[in-house]
Amino acid sequence: SNTVKLAVIPGDGIGPEVVAEALKVLDAVTAGSDVTFEKTEYRLGAGRFLDDGEVLPAAEFEAIKQADAILLGAVGGTPNDPRLANANIERGLLLKLRFELDHYVNLRPTVVYPTVESPLKNPGEVDFVVVREGTEGPYVGNGGSIRVGTPHEVANEVSVNTAYGVERVVRFAFAQASARRRRLTLVHKTNVLVFAGKLWRRVVDEVSADFPEVEVDYLHVDAATIFLVTDPARFDVIVTDNLFGDILTDLAGAISGGIGLAASGNINPDGTFPSMFEPVHGSAPDIAGQQKADPTAAILSVALLLTHLGLTDAAAEVTAAVRQDLAARTDARSTAEIGDSIVSLLS
Ligand code: NAD
Ligand code: IPM
Ligand code: MN
């Protein structure tokens, strides 16, 4: 038998609520199989910081690095909590994990399930995946301010784009497209961000020579938001930078019928470090502790995790159970009721 070491970071707000359901599903789908998930829970996030001032202690970070994979709920408190003003849980914990574990692919699929009500009247057959770059762009923390607090304050936040970093994520995106509907859309803002834009376009052109079967398209990010609303079925694989990808995937979640359905994988394709799976959404302080959160995104993140580990049959079972549950959804159910229903629908 096979043991998978899974680090679990439930986090804050609805994070622990949705992770509980995701683990129920993981346990049920692997019960009786020859794979055992050995789980270690790490209490990290805003709650932990408020308790003891720790964001990501070195010993815990080292232990997490030794895992085979990571499942994360959501971290972060209420955006306006003054006690968290100087904590920066997002940068010190979430982004630290993504950067240090070299999660250069942030894979965010969107499907409009036929039985789910999308805010779009006529979404069509929507099934695309955003390949969001995960280790560069404006997220790197390359910036600074001077004359802080004065009328002459200057704040810089530099977007870093390297040929190495862009090429590896673009190559991954082409491989995805090649295995899907063979259509890749680069989304950027090359008309304004000319330096990074030139690099992304050049790399896409170059890598495209290795994937002649993939049709390549380009959209400025502002226009991409139009088409995500007016004609989302046109997309197959979108490849884009860290910040554009963040914004587009919340929009994608919304058009799919709710951010509570949107799953993601922060992937280190080389296998040097554990990959991390988490819903696209945050800790949702507005509904935390009320069993109102949709755990589907966390459960579909488990499906991405299983796929990543090569457990494709188990992944397919989870996805199928989610589809069946979505087809049967009627009125409001609690977080746990949705999790239980999906467990009951596993084959
Ligand atoms: P959010 O995603 O937490 O919430 C946005 C809206 O979506 C809220 O109305 C919320 O109730 C709703 N929502 C989110 N998940 C839902 C679910 N599963 N079911 C039903 N409704 C859901 O975004 P925010 O309010 O901007 O951020 C809250 C905190 O979460 C912040 O501290 C932010 O930094 C953090 N955050 C963390 C992650 C992460 O850990 N990966 C991601 C995004 C935001
Ligand atoms: C996400 C979140 C994070 C991001 C934040 C919390 C750092 O919004 O996972 O989409 O911007 O990547
Ligand atoms: Mn986001």
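Which residues of strand S10 (residues 237-240) are buried, and on which side does each lie? I opened the notebook with that, keeping in mind that this is a predicted model.

**Strand S10**

I looked at the two faces of S10 in turn. Val 237 and Val 239 lie on one side, and Ile 238 and Thr 240 lie on the other. All four are buried, and both faces of the strand are covered.

Next I checked the neighbours of S10. Strand S5 (residues 127-133) runs parallel to S10, and 4 bridges join the two. Within this pair, I found Arg 132 bridged to Thr 240. S8 also pairs with S10 in the parallel sense, again over 4 bridges. There, Leu 184 stands opposite Val 237.

**The whole sheet**

I then traced the sheet from end to end. It is open and holds 10 strands, in the order S2-S1-S3-S12-S11-S4-S5-S10-S8-S9. The pairing is mixed. Which strands are at the edges? I noted strand S2 (35-41) and strand S9 (215-220), each of which pairs on one side only. From one strand to the next, the twist averages 25°.

I picked one more pair from that order. Strand S3 (residues 69-74) and strand S12 (residues 275-279) are parallel, with 3 bridges between them. Leu 71 has Phe 277 in S12 as its bridge partner.

I also looked for a helix over the S8 and S9 end. Helix H6 (residues 194-208) lies across strand S8 (183-188) and S9. The direction of H6 is at about 165° to S8.

Is Glu 41 partly exposed or buried? I logged Glu 41 as partly exposed, because 14 other C-beta atoms lie within 10 Å, and a buried residue needs 20 or more. Leaving out residues up to four places away in sequence, Glu 41 touches Val 8 and Pro 10.

**H1 against H10**

I turned to a helix pair. The axes of helix H1 (residues 15-30) and helix H10 (residues 312-328) come within 10 Å and cross at roughly 125°. That angle makes H1 oblique to H10. The crossing is right-handed.

Which residues meet there? From H1 I listed Val 25, Val 29 and Thr 30; from H10, Ala 314, Glu 317 and Val 318. The contact divides into 4 nonpolar residues, 1 polar and 1 charged.

**Positive phi**

Last, I searched for positive phi in residues other than glycine. Arg 147 came up, with phi near 55°. Arg 147 sits in the loop between strand S6 (137-146) and strand S7 (154-160). Arg 147 is exposed, since its count is 10 other C-beta atoms within 10 Å, and 12 or fewer counts as exposed.

Gln 291 came up too, with phi near 60°. Where is Gln 291? I placed Gln 291 in the loop between S12 and helix H9 (296-308). Gln 291 is partly exposed, with 15 other C-beta atoms within 10 Å.

Technical notes:
Residues numbered from 1 in each chain as written. Chains lettered and ligands numbered in written order. Predicted model: local features only at pLDDT ≥ 70, side-chain atom pairs only at ≥ 80, totals over all residues. Pairing = 2+ DSSP bridges. Axes fitted to C-alpha atoms, helices over the stretch in contact; angles between N-to-C directions. Contact = placed C-beta atoms within 7 Å. Parallel < 35°, antiparallel > 145°, perpendicular 65-115°, else oblique. Left-handed = near helix turned anticlockwise from the far one by under 90°. Nonpolar A, V, L, I, M, F, W, Y, C, P; charged D, E, K, R; others polar.
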